[in-house]
Structure formats: structure tokens, C-alpha cells
Amino acid sequence: MSSHSLISLSIGPVQDFIASALRTRDLWFGSHMLSEVSKAAARALHDAGATMIFPSVASGKELEPDTSLNVANRVIASLQGDVHRAIEDARHAAGTRLQGFIEYARGEFGRRVRPATLRQPQWDLQNDIADLLEIYAVAVAWDGQDYVGARERLDRLTNARKNTRCFSQPLFDADDARGRLPKSSLDGRRETVLPKDLSRLARRKLRMSDNEQLDLMGVVKRLAGKDPDQFTPTTRIACDEWVQRVWLANDQAFTPIIPLLSRLVDAGLVTRVKG
């Protein structure tokens with residue numbers, strides 16, 4: 001297909017990436033991860049010769065990984081060329097970016113909580129980019145003149161495509177042990193990938209409560225971000241008024257426990273509040 005077209009990519013699922021969260025860090029990193037995946041798709045379209053409409057960028061450098069640019073989960077571009085190839089390139093780029101986060105989180109798990117290991121069958125089953133990533137692509141012919149009319153057609157078709165979702169069938173038997181594993185505490189959709197005998201120390205390093213469970217995407221949210229100190233825990237927010245009152249009454253009240261807290265930070269059990 002070689003013509004002048006408007007292309008729309010709708011990337012998700014927003015539920016898995018953002019809405020499923022127990023901590024402020026989960027929310028932020030899910031949003032950041034979705035932005036980076038969308039950015040990778042946009043970069044692939046740009047490299048295919050497309051003119052970017054949303055996000056609007058001056059050059060492809062703004063679409064490189066880990067730049068300050070935030071990209072929404074909707075990418076729109078115009079292209080004169082092979083639309084099918086450009087869309088497939090964008091799908092591949094988005095999947096590769098997501099896989100990079102997954103592999104980083106796996107490495108961090110091995111580094112932080114060894115000798116505990118992840119449940120390999122569950123990890124492999126859930127590590128399927130085709131199931132983890134939804135990309136709904138639509139293209140309409142555009143003569144370069146009536147942008148409003150072409151955009152209205154594009155939006156109508158995008159909404160129709162998103163309403164005809166693709167659902168994959170679970171691929172395990174009723175007697176399979178995976179069917180009896182605890183579900184993720186973030187949304188209850190997938191089985192845990194954590195080992196049964198995960199120690200309390202390991203759970204503290206993962207910022208988890210004693211009964212909390214995480215699926216693959218949950219592990220990625222907890223471990224793939226590189227600066228967890230920027231996130232203020234909800235518990236710290238809740239006790240802030242008390243902390244302020246104690247500090248105003250006696251600004252030396254916390255001095256005796258600061259060295260202890262510093263040791264806990266060095267051990268990876270707590271974080272400094274910088275957010």
C-alpha cells in the first residue's frame with residue numbers, strides 16, 4: 001500500500017501499565033513505561049519517513065529512549081509510502097522497548113533478592129509481548145487538503161477498532177499448578193511469579209507487604225525504574241502532619257534515629273524522600 005495516509009496508533013493497555021498499582025511508584029513507572037513504549041513506536045514511524053503530528057517533534061532525537069519528552073498512548077502521523085510496513089516497524093519497536101524493561105527488571109530481581117528465583121514457567125508464560133502490548137492501528141487516505149475531515153474519519157475508525165478487541169485464550173489445563181497459584185495483588189488478573197519462600201527481607205527490598213504477590217508486570221513496575229527515591233510513599237504522606245509538629249516542637253527530635261535510617265537506606269530496605 002503506497003499512498004499519502006494519516007496513521008493512528010493507540011497503545012495500551014492502560015489498565016496494566018498505569019491503573020493497576022498499590023504504590024505511588026507503581027503509578028509513575030507504569031505511566032513512564034507506557035510513554036517510552038509509545039515514544040519507540042513514534043520513533044519508528046519517524047524513521048520510516050512519516051511526518052509526526054502527535055507528538056509534534058522538531059527532530060527524531062526527541063524520540064530517543066529516556067529523553068524528557070512524554071508521549072501519550074496515541075500516536076498520529078502522516079506518511080507517503082508503505083503504511084503496512086511502517087505500522088509493523090512501529091509494533092516491533094514498541095515491543096522491543098517493553099522487552100527491555102522486562103529484562104532489566106529480571107536482572108534487578110536476581111541482583112537484589114538472590115538466592116531466591118522467579119517462577120520460571122509463569123514468567124515465561126506471561127512474557128509474551130503479543131499479550132502484554134495492545135496496539136490498534138488505523139490508516140485513512142489523505143490528499144493533504146481536508147485535514148479535519150480525514151482526522152474525523154481516522155478517529156471514528158480508531159474507536160471502532162478499539163471496540164473490536166482481540167482476546168487470547170488461556171493456554172493451560174485445569175489441573176496445571178498455575179491455576180492454583182495466588183494472583184497478583186495489583187489487579188488479580190495473572191498468577192504470581194514470586195517464589196513461595198520469599199523472605200521478609202526480600203519483600204522489604206521489593207517494597208512489598210507479607211501477603212502481597214506480583215505478576216510479571218508488577219515486578220517490572222517495582223524494579224525497572226532507576227530512581228525510586230523520587231516517590232513519596234503514601235504512608236509518609238499520611239504521617240507528614242505529625243512529623244511537622246514534632247519537628248516544630250523540637251528540631252533535634254529525630255537526630256538519634258538518622259544514622260539508623262541511613263543504614264537502612266544503604267541496605268536497600270527504605271528510600272530517602274526526595275519527591
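Helix 8 supplies three residues to the lining of the second largest cavity, the largest share. Keep in mind that you're looking at a predicted model.

Sort them by class and you get five charged, three polar and two nonpolar residues.

Now for the greasy part. In soluble globular proteins, nonpolar side chains tend to be buried together. Here, the largest nonpolar core has 52 residues, and L9, L45, L98 and V220 touch the most other members.

Take a look at L9. Leaving aside residues up to four places away in sequence, L9 touches A41, L45, N73, R74, V75, I87, A90, I135, Y136 and A137. There's also a second, separate core of seven residues, which includes L6, I76, V140 and L154.

S35 lies in helix 2. Is S35 buried or exposed? Its relative accessible area is 4%, and buried means under 20%, so S35 is buried.

What does S35 touch, if you skip residues up to four places away in sequence? The contacts are L69, N70 and V71. As for I11, that residue is 24 residues from S35 along the chain, and the two C-alpha atoms are separated by 9.5 Å.

## Aromatic rings in pairs

A pair of aromatic rings is described by the distance of the centres and the angle of the planes. A search of the whole structure turns up five aromatic pairs. In one of them, W142 and Y147 have ring centres 5.7 Å apart and planes at 65 degrees; over 60 counts as edge-to-face, so that's what this pair is. W142 counts as buried at 15% relative accessibility, while Y147 counts as partly exposed at 26%.

W247 and F254 have ring centres 6.4 Å apart, with planes at 15 degrees, so this pair is stacked. W247 is partly exposed, with a relative accessible area of 44%, whereas F254 counts as buried at 17%. Finally, W28, F29 and F101 form one aromatic cluster.

Key. Residues numbered from 1 in each chain as written. Predicted model: local features only at pLDDT ≥ 70, side-chain atom pairs only at ≥ 80, totals over all residues. Heavy atoms only, no water. Core = buried A, V, L, I, M, F, W, Y, C linked by side-chain atoms within 4.5 Å. Buried < 20%, exposed > 50% of the residue type's maximum accessible area, 1.4 Å probe, protein only. Contact = heavy atoms within 4.5 Å. Helix = DSSP H or I, 4+ residues; strand = E, 2+ residues; numbered from the N terminus. Nonpolar A, V, L, I, M, F, W, Y, C, P; charged D, E, K, R; others polar. Phe/Tyr/Trp six-rings, centres within 6.5 Å; stacked < 30°, edge-to-face > 60°.
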